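This report goes through selected features of the model shown below.

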Number of protein chains: 4
Amino acid sequence: MAGNSFGTLFRYTTWGESHGPAIGCVVDGVPPRLPLAAPDIQHWLDRRRPGQSKFTTQRREPDHVRILSGVFDGLTTGAPISLLIENVDARSKDYGAIKDQFRPGHADYTYQAKYGIRDYRGGGRASARETAMRVAAGAVARKVLGDGITILGALIQIGADRIDRSAWDWNEVEKNPFWCPDAGAATRWERLLTEIRKNGSSLGAVIEVVASGVPVGLGEPVYDKLDADLAKAMMSINAVKGVEIGAGFGAAELSGEKNADEMRLGNDGRPVFLSNNAGGILGGISTGQDIVVRFAVKPTSSILTPRRSIDRFGNEVEISTKGRHDPCVGIRAVPVGEAMLAIVLADHLLRHRATRGPSSGSE
Amino acid sequence: MAGNSFGTLFRYTTWGESHGPAIGCVVDGVPPRLPLAAPDIQHWLDRRRPGQSKFTTQRREPDHVRILSGVFDGLTTGAPISLLIENVDARSKDYGAIKDQFRPGHADYTYQAKYGIRDYRGGGRASARETAMRVAAGAVARKVLGDGITILGALIQIGADRIDRSAWDWNEVEKNPFWCPDAGAATRWERLLTEIRKNGSSLGAVIEVVASGVPVGLGEPVYDKLDADLAKAMMSINAVKGVEIGAGFGAAELSGEKNADEMRLGNDGRPVFLSNNAGGILGGISTGQDIVVRFAVKPTSSILTPRRSIDRFGNEVEISTKGRHDPCVGIRAVPVGEAMLAIVLADHLLRHRATRGPSSGSE
Amino acid sequence: MAGNSFGTLFRYTTWGESHGPAIGCVVDGVPPRLPLAAPDIQHWLDRRRPGQSKFTTQRREPDHVRILSGVFDGLTTGAPISLLIENVDARSKDYGAIKDQFRPGHADYTYQAKYGIRDYRGGGRASARETAMRVAAGAVARKVLGDGITILGALIQIGADRIDRSAWDWNEVEKNPFWCPDAGAATRWERLLTEIRKNGSSLGAVIEVVASGVPVGLGEPVYDKLDADLAKAMMSINAVKGVEIGAGFGAAELSGEKNADEMRLGNDGRPVFLSNNAGGILGGISTGQDIVVRFAVKPTSSILTPRRSIDRFGNEVEISTKGRHDPCVGIRAVPVGEAMLAIVLADHLLRHRATRGPSSGSE
Amino acid sequence: MAGNSFGTLFRYTTWGESHGPAIGCVVDGVPPRLPLAAPDIQHWLDRRRPGQSKFTTQRREPDHVRILSGVFDGLTTGAPISLLIENVDARSKDYGAIKDQFRPGHADYTYQAKYGIRDYRGGGRASARETAMRVAAGAVARKVLGDGITILGALIQIGADRIDRSAWDWNEVEKNPFWCPDAGAATRWERLLTEIRKNGSSLGAVIEVVASGVPVGLGEPVYDKLDADLAKAMMSINAVKGVEIGAGFGAAELSGEKNADEMRLGNDGRPVFLSNNAGGILGGISTGQDIVVRFAVKPTSSILTPRRSIDRFGNEVEISTKGRHDPCVGIRAVPVGEAMLAIVLADHLLRHRATRGPSSGSE
């Protein structure tokens, strides 16, 4: 099956290249009679939009989204929803060198090898520009989830500098250009990234996204476990190299006693977990606790320092990237991670509705 | 779509519970005229089989596999291949307490909440016994990949004790009960796990699986990237909490200069990478380098020390697990990780064949 | 995607060859807590079983079905249900000639050309024996549909001899070996088929299957219309060459005035249709009327009269089939058509549950 | 899975309503480096375009298609191809009555019942306007098939008036407004439809589509048989009520002797069939003969004569349709049927490439 779609019942397909006339997506499987208008989507796109601080690419894209189908009188109709964003600031005149050279860390070489052709302008289909449509689809997914489920994301590490988790404050996330929940770390990162940007270098990052209010019972064992689909969703984002759930790689270091999330009954008689090493998922099914997902983004591959590479004619070359690029592409990955979390949950919410039994207590 | 299948063109479906009459799988999409006989599959099952050392569960299952369809005169026919293993040593008489209680860290609670019913005998469908069929399907996948692609796995960390990567020797892997490539670590782990087992405790682990000889060009951007499918494959294995490719979470700490895998031309005129932080995948497509995947397994949740929990009638209880269980379930995850890597590669090999162009250079 | 599965949410996969050790299927996506036991399935298999009259193949198969997974304490668990039937009366000793020759009208030539190998014993995977597993999966589908939906099938034409529709009596269907609803036609067919059988010839047939009690709203436009999925389901049955819904090909001859099914309000204030040319489906969605599907089965290709053909070595040959075969394979297609109708409806019932809106009136 | 996509490897998704701002589709899975430009698609759209004769709807749509992605330097890149057509002549001012009434034979009632909301303007998503995107996707499919495979369609029956098959001349098809291969029938139909149009009535039709040059081996038994997928493809077209392959329903009337397509060796030593009752498909796999598919289209439901119906408030009403509509919607279904045939074949060509064995002789 062609690879530009994601999801099973809530399923969307993206299309478009970085420097083509437009990018877009078709979201299929949206239940009918949900209120939806362009501003509902624009809100989330604006958070991801490039050029909002000196720490993200200076490409100026208004990213103005249009709804072309599937909505009538302000409500979804159950028909596919087509979303489209025109590319405005696509400076594709000067791609002389990049045209034939393979930038290290980029997909230039593999696209050329796989397809025998590539749209080299701005990375073409491999550009992070595609993630705008993930955010757009994520906005629709949030409508499916409803107000009871909250999804938030934060940057928790740039380079080797991690936040102090005891200083976590979700309110801080909106106050700095990094989506950083730790005010102290945000101050340090400001200095760090200013320097990195001046040097024409780049750094990687770690993002954490959290969903609260998720009902018990989402996830389809064995292969479509909620965590398995989340791992795929996050790893499919450009530049992501690792994904973990709950205690993640740290769980390897725990003893069985420490790792087990014990259960008690809450005052309302409902189950309460005393810890959340599981990240809200057991056996591939949501527990009702917060879903906690982290993912690592590698440093932007476009840097000023020349790197050795080859071109498609078989010559050895040296490449340094000028142009407009992010010193830490991880920053803009925060809203993208949130969107993917929303999308996976919306899909599994619909899947759970379909196959639960005649009088299931869950949901 | 129901969740018990994996893959797109090379697609298999598993069925069966830990203490039911049998477990099995159907592998569909296998190209015709590949030599295949039961011993080809049994070879890999024997590596995963429980009860082979004191460090894995003492359940005694011969795991004798039968091929029920899809093979004729020793060759695959293109028809679905049905594989079946009878459950022999399923001691299900005494499940009194477990029947109604939710063991912490297990899927008891979530299965009950999702389905309103669960086969509590030995974990039912959520049992690691299901992974036997992953190994069986992986054996078929290896036939699809052919001899040119080699897949190996190793345990590189138990608890907080990591191997010395400079001491890596693939030959060591077969010489100790841990699939450990570092002889020194294997000696330490022997002591460590003996103690853990005596205490009725457990530890987590990290596994690394590597594929060599993979051609350039496998992977279907944007959502079915090779690394995205690998992340899903590994995260779907029981008890896995994290997955990373190449430098993985470590990539977050690297500068763009250090992370970029530079390229030169080899003596044979073919591209050579000078490092492999990418783990053999760029833009979701294989580069021709080794594919390197790591995943973290949490400590076995079945431990002797009592843990607090609840039962399905809303009572608070304390649970300790006696029975036969692994002190480190990560050990047996090594052949399972290998199998999942083989399965993802086989699927993408077929997908690449289907859609590459009329005269593509790759493969 | 490999071709041995059918359905989206209610999805089953069949495996097995006519003369292999067994045939089976895995039914995935079955909601939990539905009562299910082997006799529920055996009941329907017994209706399809060969050797029950002189008008169907004399192969003697008890077709004893076993449930190997997915059912616990008499209820489905939401896990995949594995069903298995052992092949008992597979006389495969003598396939000398057929082994290398392509029987006209059979899949021998195309399987050989496509796969370069074929299990020639009894038709292998292309045998109508596969339809036993359709009936088994259909029995599970009926459980999903519940008692409110009734599915019945009838043979309405053998060769050029059609029933008199005004004489239709569903009670007659169980009283003759043809599932014929017209007692007069059944008497004629008895003579007709006796002669055909003596001559070693064969005849085609037309089957009609009807579902009553189907709620309004099943079907997913535009491509997964209920009628589109029914067309695929029926055409996938061995030997089927045509499918029609409601007025079917006859609709081409109607004027718009005659074809339109007018609507009025019934005594209970609910919509009533005054005719059913639509066959219970408008715009790909069920109307609440009876779903009416017809399909044509070609005459059995295995006949006594020699036919000209070739063998796989490039020689011209003449072939006549001895062995045990049906003079009218359409007879045994009746329960198979019923099963496929049940399967499509069960799948769409689950799909409709998943994506209907927050307060939909339907269902 | 949401229902607006078709195909497995060659997979497209359509979106858009009759009177929305635009309609479009995304075609995914197209192999790279195929020459493709807008005129290649426009050519086929122009054949389907409404308003070209007095026998089709007078809606004036230029149906000007734009390629928004997936093509670079005149070649496909392997990325998804987004196609868009703006709706120009959408007169949606006056839908007063239709807004709340259910037109008999239309999808008004079922859409309202299923979704609880519907875009009533021009039929919304249920409009035949959607078929423009089938023709567009079909144009891309033809590129995948290459010049060796020819696909042609013809109208062979209007109302009860059938062509004389012995007068079949493919050259005639382009010479009359009906795609009629029999010049005599075309003359009769001119008179017939003129009268029908004056009366404000409508008639059904039968279409035949034929593919020549198809290689042996396409089709994936058991459930994705080539004929099963063709049946689904055709039945998913608006107003289609029946589909048949080769001899179709007529096969039911044949004896086994007459139905069997005998084989001989041609002068070139390759297999030759002496007849084609199978319609080019045996066991769900193409034989190398012409693929022959027929489908029946019901008469247009929009007619002048008042019909009884109800509205969504539960009142009984009478409805007659004025507006612009086709007296025989079957005419415009000819290019749509061709497109669907091309799409199914392209999908199966890619699927066959993926899974055939290491040295298969076919294709």
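Predicted model: local features only at pLDDT ≥ 70, side-chain atom pairs only at ≥ 80, totals over all residues.

Strand 1 of chain A is joined to strand 2 (residues 11-16) of chain A by two bridges in the antiparallel sense. Within this pairing, Phe6(A) has Tyr12(A), in strand 2 of chain A, as its bridge partner.

Chain D contains an open sheet of five strands in the order 1-2-3-7-4, again paired antiparallel. The edge positions belong to strand 1 (5-6) and strand 4 (65-67) of chain D, each of which pairs on one side only. Inside the order, strand 3 (residues 22-28) and strand 7 (residues 81-86) of chain D run antiparallel and are joined by six bridges. Val26(D) stands opposite Ser82(D), a residue of strand 7 of chain D. Helix 1 of chain D, residues 38-48, lies across strand 4 and strand 7 of chain D. This helix runs at about 155° to strand 4 of chain D.

Strands also pair between chains. Strand 11 (residues 240-245) of chain A and strand 11 (residues 240-245) of chain B are antiparallel and share three bridges. In this pairing, Gly242(A) stands opposite Glu244(B).

How many residues of chain A are in contact with chain B? There are 108 residues of chain A in contact with 108 residues of chain B. The area buried between chain A and chain B is about 8600 Å², and carbon and sulfur atoms give 57% of this area. Of the area that chain A buries against chain B, 11% is supplied by Lys114(A), Tyr223(A) and Lys241(A), more than by any other three residues.

Polar and charged interactions cross the interface as well. Between chain A and chain B, 62 residue pairs are in polar contact, counting pairs with both residues at pLDDT 80 or more. On the side of chain A that touches chain B, the residues divide into 49 nonpolar, 35 polar and 24 charged. The interface of chain A and chain B holds 14 salt bridges. One salt bridge joins the side chains of Arg308(A) and Glu262(B), at 3.0 Å from N to O.

The remaining points concern backbone geometry. Most residues other than glycine have a negative phi, and most peptide bonds are trans.

| Item | Feature | Angle | Location |
|---|---|---|---|
| Pro221(B) to Val222(B) | cis peptide bond | omega about 10° | Val222(B): loop between strand 10 (205-212) and helix 5 (226-235) of chain B |
| Pro221(C) to Val222(C) | cis peptide bond | omega near 10° | Val222(C): loop between strand 10 (205-212) and helix 5 (226-235) of chain C |

Methods. Residues numbered from 1 in each chain as written. Chains lettered and ligands numbered in written order. Heavy atoms only, no water. Contact = heavy atoms within 4.5 Å. Buried area = accessible area lost by both parts, 1.4 Å probe. Salt bridge = Lys/Arg side-chain N within 4 Å of Asp/Glu carboxyl O. Polar contact = N/O pair within 3.5 Å; in protein donor to acceptor, adjacent residues only side chain to side chain. Nonpolar A, V, L, I, M, F, W, Y, C, P; charged D, E, K, R; others polar. Pairing = 2+ DSSP bridges. Helix = DSSP H or I, 4+ residues; strand = E, 2+ residues; numbered from the N terminus. Axes fitted to C-alpha atoms, helices over the stretch in contact; angles between N-to-C directions.
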